[in-house]
Amino acid sequence: MRTRMLATIAFGALMSFNQPVGASAPLAGAQAPGYYRIMVGDIEVTALSDGTIDFPMDTLLLGESPATIRAAFAAAFQKLPAESSMNQFLVNTGSRLVLVDAGAGTFFGPTLGHTVANLRAAGYTPEQVDEVVITHMHADHTGGLVHDGKAVFPNAVLRIAKADVGFWMDPTNEPKAPEGVRVSFDVARKALAPYAASGRLKPFEGETEIVPGVRALPAPGHTAGHTYYAVESKGEKLLVWGDVVHAAAVQFANPKVFIAWDSDGSGAQGARENVFADAARKGYLVGGAHLPFPGLGHVARAADGKGYVFVPATYTVNRRAH
Ligand SMILES: [Zn+2]
Ligand SMILES: [Zn+2]
């Protein structure tokens, strides 16, 4: 009896909420702050969104016909130009705070450049970052290092593969580069300057431990010094793989598809095929700069035995990575 009475009251309350109330709420308009946390063993990783940017993937992707690429986007329910995420990964080992990539800063307009705002929303400050490690020196990964000529991460050591520093700081390479990446030379000079001036630019060569739990692994192709960062703790692993994939809708199914910005298209193809095979075999988590935010998931072999599929990580409120 009592239950029925409560149910009646509850139903009445529900009905009254559904009545028109005279004033409608305005559309809220903005997206939630772009951060998402997981644990890798004892290490906390926060994916930070820099925002998104629209890319005409049917003209940028090479190695397949534009019609096939358009069909793959349509099959994935995506419009062209494709709205592409730009993701950074903040790694807190418990004793050191390492940021992988810095986002675009002010160099690509208002849809990008939100890494610092999202880092603050996630409970950190730029001053706390001990190391900024860069997957490669394309401007969407380095622009956020600098603002008005000053270091955005004033206490951080900047770590980049020597091969990329050498290539992007050499002005003789600039006129030979494809148009879409030429801006990266100018941004590289501006972005590295304040760190170099204060003795905090420390390039590395080959496989290198950045801090305990974070290791740099050379993966040339997309650029000469393109680097993965492996985050490992207690038998768990996240591989932050930079620009292995620009278009998930196309390149998992066909890893041979490459992008006009690759310094070495066939090198990038080979690196992609190797890392897909390794990640699928070993089952570790991957984090991609241009996978849909938060850019975390697993690589599985496709059921037809050809190609791969991306399995986005399951949402977690308790930071357990799945
Ligand atoms: Zn790139
Ligand atoms: Zn990129």
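Is Arg 215 buried, partly exposed or exposed? At 31% relative accessibility, Arg 215 counts as partly exposed, where buried means under 20% relative accessible area, exposed means over 50% and partly exposed lies in between, with a 1.4 Å probe and protein chains only. The structure is a predicted model, in which local features need pLDDT of at least 70 and side-chain atom pairs count only at pLDDT 80 or more, while totals for chains, interfaces and linings use all residues. Residues are numbered from 1 along each chain as its sequence is written, chains are lettered from A and ligands numbered from 1 in the order in which they are written, and side-chain values use heavy atoms, with hydrogens and water left out.

- Asp 243 bridges the zinc ion (ligand 2) and the zinc ion (ligand 1), which lie 3.3 Å apart. His 141 lies in helix H5 and Asp 243 in the loop between E13 and H8, so this pair ties together parts that are 102 residues apart in sequence; helices (H or I, at least four residues) and strands (E, at least two) are DSSP runs, numbered from the N terminus.
- Both His 136 and Asp 243 are buried, and His 141 is buried too.

**Charged side chains**

- Side chains of opposite charge can pair when their charged atoms come close. A search of the whole structure finds 12 salt bridges, each being a side-chain nitrogen of Lys or Arg within 4 Å of a carboxyl oxygen of Asp or Glu.
- One of them joins Asp 42 and Lys 234 (3.3 Å, N to O). Asp 42 lies in the loop between strand E1 (35–40) and strand E2 (43–55) and Lys 234 in the loop between strand E12 (227–233) and E13, so the pair ties together parts that are 192 residues apart in sequence.
- Asp 42 is partly exposed, with a relative accessible area of 48%, whereas Lys 234 is exposed at 65%.
- Arg 319 and Glu 44 also meet in a salt bridge (3.2 Å, N to O), linking the segment after strand E17 (308–312) with strand E2, 275 residues apart. Arg 319 is partly exposed at 33% relative accessible area, while Glu 44 counts as buried at 15%.
- Arg 215 forms a salt bridge with Glu 207, the closest N and O atoms being 3.4 Å apart, and Glu 207 counts as exposed at 53% relative accessibility.
- Arg 96, Asp 130 and Glu 131 are linked in a network of salt bridges.

**A buried arginine without a salt bridge**

- Arg 272, which lies in helix H9 (residues 265–282), is buried yet has no salt bridge, and the nearest side chain of opposite charge, Asp 262, is 4.9 Å away; Lys and Arg count as positive and Asp and Glu as negative, while His and the chain ends are not counted.
- Leaving aside neighbours within four places in sequence, Arg 272 is in contact (heavy atoms within 4.5 Å) with residues including Val 244, Gln 251 and Phe 258.

**Aromatic rings**

- A search of the whole structure finds 11 aromatic pairs, for which rings of Phe, Tyr and Trp (its six-membered ring) must have centres within 6.5 Å, planes under 30 degrees apart counting as stacked, over 60 as edge-to-face and the rest as tilted.
- Trp 168 and Phe 185 form a tilted pair, 4.7 Å centre to centre with 50 degrees between the planes, and both residues are buried.
- The rings of Phe 252 and Phe 276 have centres 4.9 Å apart and planes at 10 degrees, so this pair is stacked.
- Phe 252 and Phe 276 belong to one aromatic cluster with Trp 241, Tyr 308 and Phe 310.

How values were computed. Donors = N, O, S within 2.8 Å, 3.2 Å for Na, K, Ca; no water.
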